[in-house]
Amino acid sequence: MTENDGDAAPLAELMTATTELGAALRELIEVSVITTADAGEVAAAADLVRAATARIGDARRPVSQLPRLDDPSEGRRVFNPVTGIANPMAPPLVVRADGDGVVAEATLGLAYEGPPSFVHGGMSALFMDQMLGSAAGAAGLWGMTAHLELDYRGPLPLQTPLVLRARVESHEGRKAHISGTIALASAPEKILVEARGLFVMPRPEKQAAYFGAITDASGRHAPPRRPGDATALRPA
Ligand SMILES: CCCCCCCCCC(=O)SCCNC(=O)CCNC(=O)[C@H](O)C(C)(C)COP(=O)(O)OP(=O)(O)OC[C@H]1O[C@@H](n2cnc3c(N)ncnc32)[C@H](O)[C@@H]1OP(=O)(O)O
């Protein structure tokens, strides 16, 4: 699954198991905020979760080491908090190229709640940040968010299909101006959230300072440098 994996079968097994864990945890997170079970049942569930944590918690990678399952050159970041299929914080958004930009659909549960029955505004900012970054990747650019602004024109209802879009408006040198929107899938023309961002490819000395110590799972130097590194974009 990565260039240097001698044996793909165990890695495929790990991908299956890790994806399953992510899905199970995602369900657990949603149930934990929606359950009406009594205190005894909730406490028993907490014990079970602690036992699960103990089972895998001793084997950990350092923060400077990419996960074995990641392949940045393919845009695969399995633990990305927005698009990562194995990260329970992620809905996950499946971002794909569409026209001159990118698009994703999502239906968000109560774990993403801000005002009662609506999506937390900070979640919208998180998703827009990622969508804008993905649009940069789709355009063959990459950069870090330097500026991000949002207008919230209407609340996003929970448990309702949403459509998220982003596209590069202009780019020059290391800078890219990118816009994004969120709307109901049933009313895509009525924009509820608008985002505008400036993404900047860090100057070389900053890239070295930020990512100089990053390695892949085999210990090889693996700084982000290609569009897919930052985006987890799926082909159209
Ligand atoms: C990379 C892998 C990422 C994978 C995950 C993707 C997830 C989505 C993206 C993110 O969440 S990235 C994480 C959040 N962002 C950061 O932590 C970035 C923190 N900021 C920085 O490290 C630096 O400010 C930055 C790298 C963005 C820019 O530093 P540089 O020294 O390379 O650029 P410089 O300051 O010289 O600015 C270059 C140009 O951008 C302009 N610029 C920079 N920041 C600006 C700003 N905030 N507003 C307006 N303009 C800005 C600046 O004026 C200048 O314009 P000109 O070339 O026209 O003179």
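Modeller: Residues are numbered from 1 along each chain as its sequence is written. In this predicted model local features need pLDDT of at least 70, side-chain atom pairs count only at pLDDT 80 or more, and totals for chains, interfaces and linings use all residues, while side-chain values use heavy atoms, with hydrogens and water left out.

Biologist: Is Asp216 buried or exposed?

Modeller: Asp216 lies in the segment after α4 (204–211); helices (H or I, at least four residues) and strands (E, at least two) are DSSP runs, numbered from the N terminus. Buried means under 20% relative accessible area, exposed over 50%, and partly exposed in between (1.4 Å probe, protein chains only). Because its relative accessibility is 15%, Asp216 counts as buried.

Biologist: Which class of accessibility does Leu28 have?

Modeller: Leu28 belongs to helix α1 (residues 8–34). Since its relative accessible area is 34%, Leu28 is partly exposed.

Biologist: How many bridges join β3 to β6?

Modeller: Two strands pair if DSSP finds at least two bridges between them. Strand β3 (residues 144–152) and strand β6 (residues 187–200) run antiparallel, and His147 has Leu198 in β6 as its bridge partner. The number of bridges joining β3 to β6 is eight.
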